[in-house]
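Dear colleague,

I am passing on the structure that we spoke about, together with some notes on what was found in it. Please look through it below before reading on.

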Amino acid sequence: MEEVPLEAQRSPAPAAEAASPAETVITIDSPDAMQELGRRIAGLLRPGDLVLLTGELGAGKTTLTRGLGEGLDVRGAVTSPTFVIARVHPPLGAGPALVHVDAYRLGGGLDEMEDLDLDVSLPESVVVVEWGDGKVEELSDDRLHVVIARAVGHEEVLDDVRTVSLRGVGARWSRGAGLEALSGALSE
Ligand SMILES: Nc1ncnc2c1ncn2[C@@H]1O[C@H](COP(=O)(O)OP(=O)(O)OP(=O)(O)O)[C@@H](O)[C@H]1O
Ligand SMILES: [Mg+2]
């Protein structure tokens with residue numbers, strides 16, 4: 001029998017996967033479901049993870065982060081950080097802290113964030129940044145981009161419907177890392 005070279009037996013190279021990262025799209029129809037999605041995403045997160053939340057005012061970024069905080073079992077209620085740019089939620093158990101950043105007014109981007117002098121180790125925390133697109137990517141080569149969009153509908157009943165797109169960037173997320181399993185979970 002002809003021998004197949006080892007290289008040829010392997011699945012696509014990681015570089016090829018990174019070039020076309022998988023996107024998981026989930027439809028969410030209530031604030032509660034958004035929070036539940038946050039809890040489930042929290043189950044996939046590890047210390048050092050960076051999550052970027054994108055979506056217009058009132059899209060549900062903070063609501064999702066509230067679920068992340070519950071799932072990560074951290075101290076303190078997650079609220080809109082109106083008067084602070086970042087808030088640290090220490091872990092109640094053995095897990096990572098949650099650092100919740102609102103980059104809306106973070107004009108200077110990353111430098112300014114480093115100046116915040118957060119009393120926490122970012123590599124040991126989960127860092128979630130609202131409005132972080134284009135500002136804090138340098139924090140990590142590995143990122144989870146979450147884009148929340150209002151469903152475009154003509155009926156009032158669609159007001160609470162959101163489309164949530166999850167896209168992992170970098171080696172950390174190169175094989176989906178469980179993101180694909182989230183889509184079915186909330187549609188029941
Ligand atoms: N499916 C949904 N998911 C999330 N929030 C929803 C949904 N439907 C309605 N809402 C409402 O939309 C609002 C979302 O507010 P939230 O503070 O989470 O948004 P945000 O994206 O963080 O806004 P901001 O840009 O001001 O920080 C809440 O009042 C929530 O009750
Ligand atoms: Mg918010």
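The model is a predicted one, in which local features need pLDDT of at least 70 and side-chain atom pairs count only at pLDDT 80 or more, while totals for chains, interfaces and linings use all residues. Residues are numbered from 1 along each chain as its sequence is written, and chains are lettered from A and ligands numbered from 1 in the order in which they are written.

W131 sits in the loop between β5 and β6 (helices are DSSP runs of H or I with at least four residues, strands runs of E with at least two, numbered from the N terminus), and W131 has a positive phi of about 60° although it is not a glycine. Most residues other than glycine have a negative phi. D73, in the loop between α4 and β3 (86–89), likewise has a positive phi of about 60°.

S125, in strand β5, is buried, because it has 24 C-beta neighbours inside 10 Å. S125 and P90 are 35 residues apart in sequence, with their C-alpha atoms 9.0 Å apart in space.

Best wishes

Terms used:
A residue is buried if 20 or more other C-beta atoms lie within 10 Å of its own, exposed if 12 or fewer, and partly exposed in between; C-beta atoms are placed from the backbone.
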